[in-house]
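Work through the exercises below with the sequence and the model side by side. Try each task before reading its solution.

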Amino acid sequence: MPRRDISMSAGEIDAFLAANREAVVAATHVDGGTLATVAGYEFGDGALTLRLRADDPVLAALRVDNRACVTVEQFPSYSEIRAVVAHGHVTTGDVAADDSVEVALPLGADTVSFDFAKQAFPT
């Protein structure tokens, strides 16, 4: 039996990202390990604009190697699990007055999504 496609459409991805405000941002540490942090974000024009603290080790790692993985998810119940995972190269801005830095990640072909509600669950 073929697997059911549970990916979100482009419109569903846009609506999901617009409705949420926090993401997990992962980067490669200079020693080869992985670092992650939670960051607030805004979504528009096909890109996530994240706001990281200027002293966040993830930001320091992104300034060395700008490859990032950003995950936005919700999981109120098993059948309602939804997520968008975006990989790509980020651009980092300057330190703002509130000691934060904007990090932008455009969504591209390397974006994965899933919506468990698209599966058939027994009732």
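Contact here means heavy atoms within 4.5 Å. This is a predicted model, in which local features need pLDDT of at least 70, side-chain atom pairs count only at pLDDT 80 or more, and totals for chains, interfaces and linings use all residues. Residues are numbered from 1 along each chain as its sequence is written, and side-chain values use heavy atoms, with hydrogens and water left out.

**Exercise 1. The whole chain**

Task: describe the chain by its elements, its extent and its contacts.

Solution. Start with the elements. Helices (H or I, at least four residues) and strands (E, at least two) are DSSP runs, numbered from the N terminus. The chain has two helices and eight strands. Their order from the N terminus is α-β-β-β-α-β-β-β-β-β.

Next, take the extent. The C-alpha trace spans about 50 × 30 × 25 Å along its principal axes.

Then turn to burial. A residue is buried under 20% relative accessible area, exposed over 50%, and partly exposed in between (1.4 Å probe, protein chains only). By that rule, 34% of the 123 residues are buried.

Last, the contacts. Among those with a separation of 6 or more, 57% join residues 24 or more positions apart.

**Exercise 2. Ala 68**

Task: is Ala 68 buried or exposed, and which residues does Ala 68 contact?

Solution. First find Ala 68 in strand E4, residues 67-74. Its relative accessibility is 7%, so Ala 68 counts as buried. Now set aside neighbours within four places in sequence. Ala 68 then contacts Ala 26, Leu 62, Ala 86, His 87, Gly 88 and Val 90. Finally, compare sequence with space for Ala 23: it lies 45 residues from Ala 68 in sequence and 12 Å away, C-alpha to C-alpha.

**Exercise 3. Thr 37**

Task: which side chain makes a polar contact with that of Thr 37?

Solution. Thr 37 sits in strand E2. It is buried because its relative accessibility is 14%. A polar contact is a pair of N or O atoms within 3.5 Å; within protein, one must be able to donate a hydrogen and the other to accept it, and residues adjacent in sequence count only if both atoms are side-chain atoms. The partner is Asp 56, at 3.0 Å. Beyond four places in sequence, Thr 37 also touches residues including Ala 23, Leu 52 and Val 58.

**Exercise 4. The aromatic rings**

Task: how many aromatic pairs does the structure hold?

Solution. Rings of Phe, Tyr and Trp (its six-membered ring) pair if their centres lie within 6.5 Å; planes under 30 degrees apart count as stacked, over 60 as edge-to-face and the rest as tilted. The search finds two pairs. Tyr 78 and Phe 116 are edge-to-face, 5.1 Å between centres and 65 degrees between planes. These two residues are 38 residues apart. Tyr 78 is exposed at 54%, whereas Phe 116 is buried at 15%. Phe 114 and Phe 116 have centres 5.7 Å apart and planes at 45 degrees, so this pair is tilted. Together, Tyr 78, Phe 114 and Phe 116 form one aromatic cluster.
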